[in-house]
Amino acid sequence: MSSNLIKGTAILTIGLFLSKALGLLYLIPLYALVGKESMVLYQYAYIPYNIALSIAISGAPLAISKFVSKYNALGDYATGRKLMKSGMMLMVFTGIISFLTLNFLAEPIAKLVISSNEQIFTVDQIATVIKSVSYALLAVPLMSISRGFLQGYQKFEPTSVSQLIEQIVRIIFVLSGAYIVVRFLNGSPVTAINLAVFAAFIGAVAGLFVLFRYWIKYKPEFNHLLANSLPAADISIKDMYKELSGYLLPFILVGVINPLYQFVDMITFNSAMKSIGLSTVSDNYLGMLNLLTHKFVMIPVMVATGFSMALIPVITSYYAKKDQEGITRSLNQTYQIMIYLTIPMVIGLMVLSNELYTFLYEKDAIGSSILFSYAPVAILFGLYTVTAAILQGIDRHKWIVFTSLLGLMLKLALNIPFIKLFETNGAILATAIGYLVAIAINMVIISKTLHYKSKMVIRRIILIGILNLIMFIGVLATLKGLTAIKVVDGKMHALLYIFICAFVGVVIYGYLSLKTGLAQKLFGERLTKITRKLGF
(Lines give C-alpha, C1' and ligand atoms only; values in the text may rest on other atoms or scores of the structure.)
Protein backbone atom coordinates (compact mmCIF):
# COMPACT_ATOMS: atom_id res chain seq x y z
CA MET A 1 0.00 0.00 0.00
CA SER A 2 1.14 3.52 -0.73
CA SER A 3 3.13 4.99 2.14
CA ASN A 4 1.44 8.31 1.37
CA LEU A 5 -1.97 6.76 2.06
CA ILE A 6 -0.80 5.25 5.37
CA LYS A 7 0.87 8.50 6.44
CA GLY A 8 -1.99 10.68 5.27
CA THR A 9 -4.58 8.48 6.93
CA ALA A 10 -2.62 8.44 10.20
CA ILE A 11 -2.27 12.23 10.27
CA LEU A 12 -5.90 12.90 9.38
CA THR A 13 -7.25 10.21 11.70
CA ILE A 14 -5.21 11.43 14.68
CA GLY A 15 -6.37 14.99 14.04
CA LEU A 16 -9.97 13.88 13.62
CA PHE A 17 -9.78 11.69 16.72
CA LEU A 18 -8.50 14.53 18.89
CA SER A 19 -11.04 16.93 17.41
CA LYS A 20 -13.94 14.48 17.91
CA ALA A 21 -12.75 13.59 21.42
CA LEU A 22 -12.65 17.26 22.39
CA GLY A 23 -16.02 17.77 20.73
CA LEU A 24 -17.41 15.04 22.95
CA LEU A 25 -15.65 15.87 26.22
CA TYR A 26 -16.57 19.55 26.30
CA LEU A 27 -20.23 18.51 26.47
CA ILE A 28 -19.60 17.40 30.07
CA PRO A 29 -19.16 20.93 31.49
CA LEU A 30 -21.63 22.46 29.00
CA TYR A 31 -24.29 19.91 29.96
CA ALA A 32 -23.65 20.70 33.63
CA LEU A 33 -23.96 24.45 32.98
CA VAL A 34 -27.10 24.57 30.85
CA GLY A 35 -28.88 21.26 31.55
CA LYS A 36 -30.44 18.52 29.44
CA GLU A 37 -33.26 20.60 27.96
CA SER A 38 -31.00 23.39 26.69
CA MET A 39 -28.74 20.84 25.00
CA VAL A 40 -31.74 19.95 22.84
CA LEU A 41 -31.82 23.57 21.63
CA TYR A 42 -28.11 23.25 20.81
CA GLN A 43 -28.74 20.36 18.40
CA TYR A 44 -31.66 22.18 16.76
CA ALA A 45 -29.15 24.84 15.66
CA TYR A 46 -26.37 22.56 14.46
CA ILE A 47 -28.26 20.25 12.11
CA PRO A 48 -29.46 22.96 9.67
CA TYR A 49 -26.06 24.64 10.07
CA ASN A 50 -24.24 21.46 9.04
CA ILE A 51 -26.46 21.13 5.97
CA ALA A 52 -25.92 24.76 4.94
CA LEU A 53 -22.20 24.38 5.61
CA SER A 54 -21.89 21.35 3.35
CA ILE A 55 -23.69 23.19 0.56
CA ALA A 56 -21.64 26.35 1.13
CA ILE A 57 -18.30 24.64 0.71
CA SER A 58 -19.63 22.58 -2.23
CA GLY A 59 -17.58 19.57 -1.17
CA ALA A 60 -14.54 21.78 -1.64
CA PRO A 61 -11.85 19.98 0.41
CA LEU A 62 -12.28 16.63 -1.32
CA ALA A 63 -13.29 17.98 -4.73
CA ILE A 64 -10.36 20.41 -4.85
CA SER A 65 -7.92 17.75 -3.58
CA LYS A 66 -9.11 15.37 -6.32
CA PHE A 67 -8.74 18.03 -9.04
CA VAL A 68 -5.32 19.25 -7.87
CA SER A 69 -4.04 15.68 -7.34
CA LYS A 70 -5.10 14.69 -10.84
CA TYR A 71 -3.20 17.50 -12.57
CA ASN A 72 -0.21 17.27 -10.22
CA ALA A 73 0.13 13.56 -11.11
CA LEU A 74 0.45 14.65 -14.74
CA GLY A 75 3.19 17.18 -13.86
CA ASP A 76 0.86 20.16 -14.37
CA TYR A 77 1.05 22.27 -11.21
CA ALA A 78 -0.14 25.45 -12.90
CA THR A 79 -3.73 24.34 -13.43
CA GLY A 80 -4.29 23.63 -9.73
CA ARG A 81 -2.92 27.06 -8.78
CA LYS A 82 -5.23 28.72 -11.28
CA LEU A 83 -8.20 26.93 -9.73
CA MET A 84 -7.12 27.97 -6.23
CA LYS A 85 -7.05 31.68 -7.11
CA SER A 86 -10.52 31.74 -8.64
CA GLY A 87 -11.89 29.33 -6.03
CA MET A 88 -11.10 31.66 -3.16
CA MET A 89 -13.43 34.30 -4.62
CA LEU A 90 -16.13 31.69 -5.25
CA MET A 91 -15.95 30.47 -1.65
CA VAL A 92 -16.38 34.01 -0.32
CA PHE A 93 -19.50 34.37 -2.47
CA THR A 94 -21.03 31.01 -1.51
CA GLY A 95 -20.32 31.70 2.17
CA ILE A 96 -22.23 34.98 2.07
CA ILE A 97 -25.14 33.44 0.15
CA SER A 98 -25.35 30.49 2.57
CA PHE A 99 -25.22 32.83 5.59
CA LEU A 100 -28.10 34.92 4.25
CA THR A 101 -30.12 31.86 3.23
CA LEU A 102 -29.85 30.18 6.64
CA ASN A 103 -30.90 33.43 8.33
CA PHE A 104 -33.90 33.71 6.03
CA LEU A 105 -34.93 30.07 6.56
CA ALA A 106 -34.39 30.02 10.33
CA GLU A 107 -38.03 30.67 11.23
CA PRO A 108 -39.56 28.29 8.64
CA ILE A 109 -37.24 25.52 9.87
CA ALA A 110 -38.23 26.24 13.48
CA LYS A 111 -41.90 25.95 12.54
CA LEU A 112 -41.24 22.51 11.06
CA VAL A 113 -39.72 21.37 14.34
CA ILE A 114 -42.47 22.56 16.68
CA SER A 115 -45.51 20.31 16.39
CA SER A 116 -47.08 20.74 19.83
CA ASN A 117 -47.47 23.36 22.58
CA GLU A 118 -46.28 20.67 25.00
CA GLN A 119 -42.73 20.88 23.59
CA ILE A 120 -40.00 22.65 25.53
CA PHE A 121 -39.01 25.49 23.16
CA THR A 122 -40.76 28.12 21.08
CA VAL A 123 -40.35 28.88 17.38
CA ASP A 124 -38.55 32.15 18.21
CA GLN A 125 -36.00 30.43 20.45
CA ILE A 126 -35.12 27.84 17.81
CA ALA A 127 -34.95 30.45 15.02
CA THR A 128 -32.61 32.62 17.12
CA VAL A 129 -30.04 29.85 17.72
CA ILE A 130 -30.07 28.93 14.02
CA LYS A 131 -29.29 32.57 13.15
CA SER A 132 -26.51 32.69 15.76
CA VAL A 133 -24.67 29.69 14.30
CA SER A 134 -25.00 30.92 10.70
CA TYR A 135 -22.13 33.44 11.07
CA ALA A 136 -19.62 30.58 10.82
CA LEU A 137 -20.63 30.19 7.17
CA LEU A 138 -18.76 33.40 6.39
CA ALA A 139 -15.37 31.88 7.32
CA VAL A 140 -15.59 28.11 6.86
CA PRO A 141 -15.74 28.03 3.01
CA LEU A 142 -12.35 29.78 2.73
CA MET A 143 -10.92 27.28 5.18
CA SER A 144 -12.33 24.36 3.21
CA ILE A 145 -10.79 25.29 -0.14
CA SER A 146 -7.42 25.87 1.52
CA ARG A 147 -7.53 22.39 3.08
CA GLY A 148 -8.49 20.83 -0.25
CA PHE A 149 -5.65 22.49 -2.13
CA LEU A 150 -3.06 21.36 0.42
CA GLN A 151 -4.46 17.80 0.45
CA GLY A 152 -4.11 17.76 -3.33
CA TYR A 153 -0.35 18.06 -2.73
CA GLN A 154 -0.73 15.29 -0.12
CA LYS A 155 -0.06 17.76 2.68
CA PHE A 156 -2.40 16.37 5.32
CA GLU A 157 -0.92 17.97 8.43
CA PRO A 158 -2.50 21.43 7.84
CA THR A 159 -6.00 19.92 7.71
CA SER A 160 -5.41 17.95 10.89
CA VAL A 161 -3.83 20.79 12.88
CA SER A 162 -6.32 23.42 11.73
CA GLN A 163 -9.24 21.18 12.70
CA LEU A 164 -7.73 20.69 16.14
CA ILE A 165 -7.04 24.41 16.73
CA GLU A 166 -10.49 25.31 15.41
CA GLN A 167 -12.04 22.91 17.92
CA ILE A 168 -9.91 24.08 20.87
CA VAL A 169 -10.64 27.76 20.29
CA ARG A 170 -14.35 27.06 19.81
CA ILE A 171 -14.55 25.03 23.02
CA ILE A 172 -12.74 27.69 25.07
CA PHE A 173 -15.17 30.33 23.79
CA VAL A 174 -18.21 28.06 24.38
CA LEU A 175 -17.35 27.14 27.96
CA SER A 176 -16.03 30.49 29.12
CA GLY A 177 -18.96 32.33 27.52
CA ALA A 178 -21.58 29.96 28.94
CA TYR A 179 -19.97 30.09 32.39
CA ILE A 180 -19.96 33.89 32.44
CA VAL A 181 -23.57 34.12 31.23
CA VAL A 182 -24.97 31.54 33.67
CA ARG A 183 -22.81 32.05 36.78
CA PHE A 184 -21.82 35.73 36.71
CA LEU A 185 -24.52 37.49 34.70
CA ASN A 186 -27.35 35.23 35.93
CA GLY A 187 -28.47 34.83 32.33
CA SER A 188 -30.69 32.05 31.09
CA PRO A 189 -29.31 28.78 29.67
CA VAL A 190 -30.97 29.72 26.36
CA THR A 191 -28.73 32.82 26.15
CA ALA A 192 -25.72 30.65 26.93
CA ILE A 193 -26.65 28.28 24.08
CA ASN A 194 -26.89 31.20 21.64
CA LEU A 195 -23.37 32.21 22.60
CA ALA A 196 -22.20 28.60 22.39
CA VAL A 197 -23.38 28.16 18.80
CA PHE A 198 -21.86 31.51 17.76
CA ALA A 199 -18.51 30.02 18.85
CA ALA A 200 -18.45 28.09 15.55
CA PHE A 201 -17.54 31.39 13.84
CA ILE A 202 -14.73 32.12 16.31
CA GLY A 203 -13.29 28.63 15.84
CA ALA A 204 -13.44 28.93 12.05
CA VAL A 205 -11.45 32.16 12.10
CA ALA A 206 -8.79 30.46 14.24
CA GLY A 207 -8.61 27.50 11.82
CA LEU A 208 -8.28 29.88 8.88
CA PHE A 209 -5.33 31.60 10.56
CA VAL A 210 -3.56 28.23 11.05
CA LEU A 211 -4.00 27.37 7.38
CA PHE A 212 -2.60 30.76 6.36
CA ARG A 213 0.55 30.03 8.40
CA TYR A 214 0.93 26.66 6.65
CA TRP A 215 0.49 28.34 3.27
CA ILE A 216 3.41 30.66 4.10
CA LYS A 217 5.47 27.60 5.12
CA TYR A 218 4.80 25.58 1.94
CA LYS A 219 4.73 28.46 -0.54
CA PRO A 220 8.44 28.21 -1.55
CA GLU A 221 8.00 24.48 -2.31
CA PHE A 222 4.82 25.10 -4.29
CA ASN A 223 6.44 27.95 -6.22
CA HIS A 224 9.38 25.69 -7.10
CA LEU A 225 7.02 23.02 -8.45
CA LEU A 226 5.12 25.69 -10.36
CA ALA A 227 8.30 27.05 -11.91
CA ASN A 228 9.20 23.56 -13.16
CA SER A 229 5.67 22.60 -14.13
CA LEU A 230 4.60 21.42 -17.53
CA PRO A 231 2.67 24.11 -19.42
CA ALA A 232 -0.79 24.58 -17.95
CA ALA A 233 -3.49 22.48 -19.57
CA ASP A 234 -5.40 24.25 -22.29
CA ILE A 235 -8.43 24.69 -20.07
CA SER A 236 -10.32 27.90 -19.39
CA ILE A 237 -11.77 28.90 -16.04
CA LYS A 238 -15.19 28.00 -17.43
CA ASP A 239 -14.04 24.53 -18.53
CA MET A 240 -12.17 24.06 -15.25
CA TYR A 241 -15.32 24.63 -13.25
CA LYS A 242 -17.28 22.48 -15.67
CA GLU A 243 -14.93 19.59 -14.88
CA LEU A 244 -15.00 20.42 -11.19
CA SER A 245 -18.80 20.65 -11.16
CA GLY A 246 -18.90 16.96 -12.13
CA TYR A 247 -17.31 16.25 -8.74
CA LEU A 248 -19.31 18.74 -6.69
CA LEU A 249 -22.76 17.17 -6.28
CA PRO A 250 -21.36 13.78 -5.20
CA PHE A 251 -18.97 15.50 -2.79
CA ILE A 252 -21.78 17.67 -1.42
CA LEU A 253 -23.96 14.60 -0.90
CA VAL A 254 -21.22 12.66 0.90
CA GLY A 255 -20.59 15.63 3.19
CA VAL A 256 -24.22 16.46 3.81
CA ILE A 257 -25.84 13.01 3.88
CA ASN A 258 -25.46 12.42 7.63
CA PRO A 259 -26.89 15.86 8.58
CA LEU A 260 -29.72 15.24 6.08
CA TYR A 261 -30.60 11.97 7.84
CA GLN A 262 -30.59 13.91 11.11
CA PHE A 263 -32.71 16.66 9.54
CA VAL A 264 -35.30 14.03 8.57
CA ASP A 265 -35.41 13.04 12.25
CA MET A 266 -35.59 16.71 13.26
CA ILE A 267 -38.69 17.45 11.13
CA THR A 268 -40.52 14.12 11.59
CA PHE A 269 -39.66 12.86 15.08
CA ASN A 270 -41.73 15.30 17.14
CA SER A 271 -44.85 14.91 14.99
CA ALA A 272 -44.55 11.10 15.03
CA MET A 273 -44.10 11.08 18.81
CA LYS A 274 -47.08 13.44 19.17
CA SER A 275 -49.25 10.95 17.27
CA ILE A 276 -48.52 8.28 19.90
CA GLY A 277 -49.01 10.66 22.85
CA LEU A 278 -45.35 11.31 23.70
CA SER A 279 -44.99 15.06 22.95
CA THR A 280 -43.77 15.82 26.46
CA VAL A 281 -40.64 13.69 26.04
CA SER A 282 -40.03 14.00 22.28
CA ASP A 283 -37.63 16.98 22.52
CA ASN A 284 -35.44 15.22 25.08
CA TYR A 285 -35.46 11.91 23.20
CA LEU A 286 -34.54 13.68 19.96
CA GLY A 287 -31.72 15.52 21.73
CA MET A 288 -30.38 12.20 23.03
CA LEU A 289 -30.51 10.70 19.55
CA ASN A 290 -29.26 13.57 17.38
CA LEU A 291 -26.69 15.13 19.71
CA LEU A 292 -25.84 13.35 22.94
CA THR A 293 -25.43 9.79 21.61
CA HIS A 294 -24.57 10.89 18.05
CA LYS A 295 -21.35 12.41 19.39
CA PHE A 296 -20.31 8.98 20.66
CA VAL A 297 -21.32 7.17 17.49
CA MET A 298 -19.28 9.47 15.24
CA ILE A 299 -15.99 8.65 17.02
CA PRO A 300 -15.48 5.27 15.26
CA VAL A 301 -16.42 6.98 11.98
CA MET A 302 -13.30 9.20 12.22
CA VAL A 303 -11.22 6.21 11.04
CA ALA A 304 -13.24 5.97 7.84
CA THR A 305 -13.24 9.74 7.39
CA GLY A 306 -9.47 9.84 7.74
CA PHE A 307 -9.18 7.09 5.15
CA SER A 308 -11.56 8.76 2.72
CA MET A 309 -9.79 12.12 2.86
CA ALA A 310 -6.42 10.48 2.25
CA LEU A 311 -7.75 7.85 -0.15
CA ILE A 312 -9.32 10.13 -2.77
CA PRO A 313 -6.14 11.89 -4.00
CA VAL A 314 -4.16 8.60 -3.87
CA ILE A 315 -6.81 6.57 -5.74
CA THR A 316 -7.22 9.43 -8.22
CA SER A 317 -3.48 9.42 -8.86
CA TYR A 318 -3.44 5.63 -9.44
CA TYR A 319 -6.53 5.87 -11.64
CA ALA A 320 -5.01 8.66 -13.75
CA LYS A 321 -1.90 6.50 -14.26
CA LYS A 322 -4.06 3.38 -14.87
CA ASP A 323 -2.21 1.58 -12.08
CA GLN A 324 -4.67 -1.24 -11.35
CA GLU A 325 -2.28 -2.96 -8.95
CA GLY A 326 -1.92 0.21 -6.89
CA ILE A 327 -5.71 0.65 -6.70
CA THR A 328 -6.28 -2.97 -5.61
CA ARG A 329 -3.53 -2.81 -3.00
CA SER A 330 -4.96 0.41 -1.55
CA LEU A 331 -8.50 -0.99 -1.42
CA ASN A 332 -7.37 -4.19 0.30
CA GLN A 333 -5.56 -2.28 3.02
CA THR A 334 -8.30 0.32 3.43
CA TYR A 335 -11.12 -2.18 3.99
CA GLN A 336 -9.08 -4.25 6.42
CA ILE A 337 -7.72 -1.44 8.59
CA MET A 338 -11.06 0.37 8.72
CA ILE A 339 -12.90 -2.77 9.89
CA TYR A 340 -10.03 -3.70 12.23
CA LEU A 341 -10.21 -0.33 14.03
CA THR A 342 -13.94 0.42 13.84
CA ILE A 343 -15.55 -2.79 15.14
CA PRO A 344 -13.81 -2.86 18.55
CA MET A 345 -14.75 0.77 19.16
CA VAL A 346 -18.38 -0.02 18.37
CA ILE A 347 -18.32 -3.02 20.71
CA GLY A 348 -16.87 -0.80 23.43
CA LEU A 349 -19.68 1.74 22.97
CA MET A 350 -22.30 -1.00 23.25
CA VAL A 351 -20.90 -2.85 26.24
CA LEU A 352 -20.12 0.35 28.15
CA SER A 353 -23.15 2.36 26.99
CA ASN A 354 -24.46 2.87 30.55
CA GLU A 355 -21.07 3.83 32.00
CA LEU A 356 -20.18 6.16 29.10
CA TYR A 357 -23.52 7.98 29.21
CA THR A 358 -23.31 8.30 33.00
CA PHE A 359 -19.76 9.69 32.85
CA LEU A 360 -20.41 12.22 30.11
CA TYR A 361 -23.92 13.35 31.04
CA GLU A 362 -25.84 11.64 33.84
CA LYS A 363 -27.31 8.26 34.74
CA ASP A 364 -30.20 7.82 32.30
CA ALA A 365 -31.62 4.47 31.23
CA ILE A 366 -33.20 5.90 28.06
CA GLY A 367 -30.01 7.66 26.96
CA SER A 368 -27.93 4.52 27.59
CA SER A 369 -30.34 2.33 25.63
CA ILE A 370 -30.32 4.75 22.68
CA LEU A 371 -26.51 4.68 22.65
CA PHE A 372 -26.53 0.86 22.75
CA SER A 373 -28.90 0.67 19.77
CA TYR A 374 -27.24 3.46 17.79
CA ALA A 375 -23.59 2.36 18.16
CA PRO A 376 -23.60 -0.42 15.47
CA VAL A 377 -24.76 2.13 12.85
CA ALA A 378 -21.26 3.67 13.11
CA ILE A 379 -19.97 0.76 11.01
CA LEU A 380 -22.44 1.68 8.26
CA PHE A 381 -21.50 5.36 8.47
CA GLY A 382 -17.85 4.37 8.01
CA LEU A 383 -18.45 1.97 5.13
CA TYR A 384 -20.58 4.52 3.31
CA THR A 385 -17.85 7.16 3.65
CA VAL A 386 -15.13 4.82 2.35
CA THR A 387 -17.14 3.31 -0.52
CA ALA A 388 -18.26 6.76 -1.64
CA ALA A 389 -14.64 7.95 -1.54
CA ILE A 390 -13.61 5.04 -3.78
CA LEU A 391 -16.37 5.84 -6.28
CA GLN A 392 -15.23 9.47 -6.29
CA GLY A 393 -11.65 8.40 -6.94
CA ILE A 394 -12.66 6.34 -9.99
CA ASP A 395 -15.08 8.94 -11.41
CA ARG A 396 -18.33 7.09 -10.72
CA HIS A 397 -20.03 10.23 -9.45
CA LYS A 398 -23.52 9.53 -10.80
CA TRP A 399 -23.72 6.37 -8.75
CA ILE A 400 -22.92 8.30 -5.58
CA VAL A 401 -25.79 10.67 -6.31
CA PHE A 402 -28.15 7.75 -7.00
CA THR A 403 -27.27 5.63 -3.97
CA SER A 404 -27.16 8.60 -1.58
CA LEU A 405 -30.58 9.87 -2.63
CA LEU A 406 -32.06 6.36 -2.66
CA GLY A 407 -30.91 5.77 0.92
CA LEU A 408 -32.25 9.16 2.00
CA MET A 409 -35.64 8.49 0.36
CA LEU A 410 -35.86 5.17 2.21
CA LYS A 411 -35.10 6.96 5.48
CA LEU A 412 -37.80 9.55 4.75
CA ALA A 413 -40.38 6.90 3.82
CA LEU A 414 -39.70 4.62 6.80
CA ASN A 415 -39.01 7.13 9.56
CA ILE A 416 -42.52 8.07 10.72
CA PRO A 417 -44.03 4.55 10.68
CA PHE A 418 -40.93 3.12 12.39
CA ILE A 419 -40.92 5.85 15.06
CA LYS A 420 -44.59 5.14 15.77
CA LEU A 421 -43.72 1.46 16.24
CA PHE A 422 -40.34 1.62 17.99
CA GLU A 423 -39.86 5.31 19.08
CA THR A 424 -36.15 6.28 18.92
CA ASN A 425 -35.14 2.77 17.84
CA GLY A 426 -37.42 3.24 14.84
CA ALA A 427 -35.46 6.31 13.71
CA ILE A 428 -32.20 4.35 14.16
CA LEU A 429 -33.56 1.40 12.16
CA ALA A 430 -34.67 3.67 9.30
CA THR A 431 -31.19 5.23 9.20
CA ALA A 432 -29.53 1.80 9.16
CA ILE A 433 -31.69 0.56 6.26
CA GLY A 434 -31.01 3.68 4.20
CA TYR A 435 -27.25 3.41 4.66
CA LEU A 436 -27.20 -0.36 4.14
CA VAL A 437 -28.89 -0.12 0.74
CA ALA A 438 -26.54 2.69 -0.39
CA ILE A 439 -23.43 0.76 0.73
CA ALA A 440 -24.54 -2.49 -0.96
CA ILE A 441 -25.01 -0.77 -4.32
CA ASN A 442 -21.72 1.17 -3.92
CA MET A 443 -19.80 -2.07 -3.34
CA VAL A 444 -21.38 -3.78 -6.34
CA ILE A 445 -20.37 -0.86 -8.59
CA ILE A 446 -16.81 -0.85 -7.19
CA SER A 447 -16.48 -4.60 -7.72
CA LYS A 448 -17.75 -4.50 -11.30
CA THR A 449 -15.86 -1.38 -12.36
CA LEU A 450 -12.50 -2.41 -10.93
CA HIS A 451 -13.03 -6.17 -11.27
CA TYR A 452 -12.24 -6.18 -7.59
CA LYS A 453 -12.61 -9.43 -5.64
CA SER A 454 -10.44 -10.37 -2.74
CA LYS A 455 -10.88 -13.65 -0.88
CA MET A 456 -7.96 -12.60 1.31
CA VAL A 457 -9.89 -9.55 2.56
CA ILE A 458 -12.93 -11.72 3.31
CA ARG A 459 -10.77 -14.17 5.29
CA ARG A 460 -9.17 -11.31 7.20
CA ILE A 461 -12.56 -9.77 8.03
CA ILE A 462 -13.74 -13.16 9.37
CA LEU A 463 -10.59 -13.34 11.52
CA ILE A 464 -11.20 -9.77 12.76
CA GLY A 465 -14.76 -10.80 13.65
CA ILE A 466 -13.52 -13.79 15.67
CA LEU A 467 -10.99 -11.66 17.57
CA ASN A 468 -13.68 -9.10 18.35
CA LEU A 469 -16.03 -11.80 19.61
CA ILE A 470 -13.37 -13.04 22.04
CA MET A 471 -12.66 -9.45 23.12
CA PHE A 472 -16.40 -8.80 23.58
CA ILE A 473 -16.75 -11.83 25.88
CA GLY A 474 -13.73 -10.73 27.91
CA VAL A 475 -14.90 -7.12 28.32
CA LEU A 476 -18.50 -8.11 29.11
CA ALA A 477 -17.33 -10.62 31.74
CA THR A 478 -15.10 -7.93 33.29
CA LEU A 479 -17.96 -5.43 33.45
CA LYS A 480 -20.35 -8.00 34.92
CA GLY A 481 -17.77 -8.82 37.58
CA LEU A 482 -17.28 -5.16 38.46
CA THR A 483 -21.01 -4.39 38.65
CA ALA A 484 -21.54 -7.51 40.77
CA ILE A 485 -19.19 -5.94 43.31
CA LYS A 486 -20.78 -2.47 43.06
CA VAL A 487 -23.20 -0.86 40.59
CA VAL A 488 -22.03 2.43 39.05
CA ASP A 489 -23.28 5.36 41.15
CA GLY A 490 -21.32 8.39 39.92
CA LYS A 491 -19.19 9.90 37.16
CA MET A 492 -15.80 8.94 38.62
CA HIS A 493 -17.06 5.46 39.40
CA ALA A 494 -18.23 5.14 35.79
CA LEU A 495 -14.88 6.42 34.50
CA LEU A 496 -13.01 3.84 36.59
CA TYR A 497 -15.06 1.00 35.10
CA ILE A 498 -14.56 2.42 31.60
CA PHE A 499 -10.78 2.48 32.04
CA ILE A 500 -10.63 -1.04 33.47
CA CYS A 501 -12.82 -2.54 30.74
CA ALA A 502 -11.05 -0.59 27.97
CA PHE A 503 -7.69 -1.84 29.27
CA VAL A 504 -8.92 -5.43 29.26
CA GLY A 505 -10.28 -5.02 25.73
CA VAL A 506 -7.07 -3.48 24.39
CA VAL A 507 -4.94 -6.21 25.98
CA ILE A 508 -7.08 -9.06 24.62
CA TYR A 509 -7.47 -7.58 21.12
CA GLY A 510 -3.86 -6.45 20.91
CA TYR A 511 -2.45 -9.77 22.11
CA LEU A 512 -4.60 -11.84 19.75
CA SER A 513 -3.84 -9.50 16.82
CA LEU A 514 -0.10 -9.84 17.39
CA LYS A 515 -0.22 -13.57 18.13
CA THR A 516 -2.12 -14.32 14.91
CA GLY A 517 0.12 -11.98 12.91
CA LEU A 518 -2.86 -9.89 11.81
CA ALA A 519 -1.53 -6.58 13.15
CA GLN A 520 1.87 -7.11 11.50
CA LYS A 521 0.24 -7.81 8.13
CA LEU A 522 -1.98 -4.74 8.35
CA PHE A 523 0.53 -2.19 9.63
CA GLY A 524 3.72 -3.25 7.88
CA GLU A 525 7.42 -3.76 8.48
CA ARG A 526 7.94 -1.29 11.33
CA LEU A 527 5.45 -3.09 13.55
CA THR A 528 6.92 -6.45 12.51
CA LYS A 529 10.39 -5.39 13.67
CA ILE A 530 9.01 -4.30 17.05
CA THR A 531 6.96 -7.47 17.56
CA ARG A 532 9.93 -9.72 16.76
CA LYS A 533 11.83 -8.08 19.61
CA LEU A 534 8.85 -8.75 21.89
CA GLY A 535 8.75 -12.42 20.87
CA PHE A 536 5.59 -12.40 18.72
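Ile-96 is found in helix H5, which spans residues 78-113; helices (H or I, at least four residues) are DSSP runs, numbered from the N terminus. The model is predicted, so local features need pLDDT of at least 70 and side-chain atom pairs count only at pLDDT 80 or more, whereas totals for chains, interfaces and linings use all residues. Residues are numbered from 1 along each chain as its sequence is written, and side-chain values use heavy atoms, with hydrogens and water left out.

With a relative accessible area of 40%, Ile-96 is partly exposed; buried means under 20%, exposed over 50% and partly exposed in between (1.4 Å probe, protein chains only). Together with Val-92, Leu-100, Tyr-135 and Leu-138, Ile-96 makes a nonpolar surface patch of about 400 Å². Such a patch consists of residues with over 30% relative accessible area and no salt bridge, its nonpolar side chains (Val, Leu, Ile, Met, Phe, Trp, Tyr) being joined within 5 Å. Helix H5 also holds Phe-93, which is exposed at a relative accessible area of 53%. The C-alpha atoms of Phe-93 and Pro-141 are 9.2 Å apart, although 48 residues separate the two in sequence.

Tyr-135 of the patch also belongs to an aromatic cluster with Phe-99, Phe-173, Phe-198 and Phe-201. The whole structure contains 23 aromatic pairs, defined for rings of Phe, Tyr and Trp (its six-membered ring) whose centres lie within 6.5 Å; planes under 30 degrees apart count as stacked, over 60 as edge-to-face and the rest as tilted. Phe-173 and Phe-198 form a tilted pair, with 6.3 Å between centres and 55 degrees between planes. This pair links helix H8 (residues 157-184), where Phe-173 lies, to helix H9 (residues 189-227), where Phe-198 lies, across 25 residues.

Leaving out residues up to four places away in sequence, Gly-177 touches Ile-172 and Leu-195, where contact means heavy atoms within 4.5 Å.

The largest nonpolar core has 160 residues, of which Leu-30, Tyr-42, Tyr-49, Ile-126, Leu-331 and Tyr-361 touch the most other members. Helix H11 (residues 279-320) supplies the largest share, 15 residues. A core of this kind is a set of buried Ala, Val, Leu, Ile, Met, Phe, Trp, Tyr and Cys residues joined through side-chain atoms within 4.5 Å. Beyond its neighbours within four places in sequence, Leu-331 is in contact with Ile-315, Ile-390, Ile-446, Leu-450 and Tyr-452.

Charged pairs complete the picture. Seven salt bridges are found in the whole structure, each a side-chain nitrogen of Lys or Arg within 4 Å of a carboxyl oxygen of Asp or Glu. One of them joins Lys-411 and Asp-265 at 2.8 Å, N to O. Lys-411 in helix H16 (residues 397-422) and Asp-265 in helix H10 (residues 237-275) are 146 residues apart. Lys-411 is buried at 0%, and Asp-265 is buried at 4%.

Asp-364 and Lys-36 form another bridge, their closest N and O atoms 3.3 Å apart. Asp-364 lies in the loop between helix H13 (353-360) and helix H14 (365-374) and Lys-36 in helix H3 (residues 36-56), so the bridge ties together parts 328 residues apart in sequence. Asp-364 is buried at 13%, whereas Lys-36 is partly exposed at 24%.

Key
Patch = residues over 30% accessible without salt bridge, like charges linked within 9 Å, V, L, I, M, F, W, Y side chains within 5 Å. Areas by Shrake-Rupley, 256 points an atom, 1.4 Å probe, with all protein chains shown as cover. Helix = DSSP H or I, 4+ residues; strand = E, 2+ residues; numbered from the N terminus.
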